[in-house]
Amino acid sequence: MRIANRLPARRRNPQSTIVGEGNRLSVVGRSDWKKVKFCVDSGADETVMAEDELLEVETKDSWGIKHGQAYEVANGAEIENQGEKKFVGYMSSIEGWETEGKGVTAQICDVHRPLMSVRKMCKAGHRVVFDDGASYIENKWTGERLKIDVEDGNYDLNVWVKQAEEGEQ
């Protein structure tokens with residue numbers, strides 16, 4: 001995940017779940033936004049998702065697909081790289097503020113759920129903290145902290161993606 005080094009937008013998010021209105025996040029229930037729940041994974045080499053997780057974003061050829069890249073999963077099986085999706089994601093800070101859009105690149109392969117690579121985030125200048133009190137992803141340059149939710153023993157990062165309007169893709 002590549003996150004721009006901008007200061008966060010300082011608009012309070014009054015909802016516990018965020019969805020978008022126009023290009024801003026604040027109103028729950030709008031159909032022009034899609035929530036993707038990434039499991040923040042310290043064992044993942046790449047940020048990955050299944051093709052059907054975000055059909056609104058075109059899958060393009062990647063270095064991995066051009067070079068026959070495959071990934072070994074927990075049971076030892078290999079899954080092939082099928083390309084990549086690049087999109088702008090919006091998240092919530094630990095303070096409840098909405099963030100500016102952040103560029104996300106996910107490799108496409110047959111996985112059961114999207115995985116956000118801690119290794120990739122750390123290489124991009126972030127620190128990931130897993131804690132019982134408050135888990136977060138911190139930008140080392142700006143200090144911005146993105147909220148990580150803990151659900152059923154998983155550390156999840158909710159990413160909201162604006163769906164393309166007709167004719168935009």
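Let me start with a definition: a salt bridge, as I use the term today, is a side-chain nitrogen of Lys or Arg within 4 Å of a carboxyl oxygen of Asp or Glu. Side chains of opposite charge can pair when their charged atoms come close.

A word on where this comes from. This is a predicted model, where local features need pLDDT of at least 70 and side-chain atom pairs count only at pLDDT 80 or more, while totals for chains, interfaces and linings use all residues. Residues are numbered from 1 along each chain as its sequence is written, and side-chain values use heavy atoms, with hydrogens and water left out.

Now, the overall picture. The chain has two helices and 13 strands; these are DSSP runs numbered from the N terminus, with helices (H or I) of at least four residues and strands (E) of at least two. Of its 169 residues, 43% count as buried. Buried means under 20% relative accessible area, exposed means over 50%, and partly exposed is in between, using a 1.4 Å probe and protein chains only. Contact, for us, means heavy atoms within 4.5 Å. Among contacts with a separation of 6 or more, 61% are between residues 24 or more positions apart.

Back to those salt bridges. How many are there by this rule? The count comes to eleven.

Take Lys 120 and Glu 46, whose side chains meet in a salt bridge at 3.6 Å, N to O. This pair links distant parts of the chain, 74 residues apart: Lys 120 sits in helix H2 (residues 118–123), and Glu 46 in the loop between strand S3 (33–41) and strand S4 (48–49). Lys 120 counts as partly exposed, at 28% relative accessibility, and Glu 46 as buried, at 18%.

Next come Lys 85 and Glu 51, joined by a salt bridge of 3.5 Å, N to O. Here, too, distant parts are linked: Lys 85 is in strand S7 (residues 84–89) and Glu 51 is in the loop between S4 and helix H1 (63–66), 34 residues apart. Lys 85 is buried, with a relative accessible area of 0%, whereas Glu 51 is partly exposed at 31%.

Glu 144 is buried at 6% relative accessibility, and Lys 102 is buried at 1%. There is also a network of salt bridges, linking Arg 127, Glu 138 and Arg 145.

Where is Cys 109 found? Look in the loop between S8 and strand S9 (115–117). Is Cys 109 buried or exposed? Buried, because its relative accessibility is 1%. Leaving aside neighbours within four places in sequence, the contacts of Cys 109 include Val 48, Met 49, Glu 51 and Tyr 71. Between Cys 109 and Glu 51 the C-alpha to C-alpha distance is 6.9 Å, although they are 58 residues apart in sequence.
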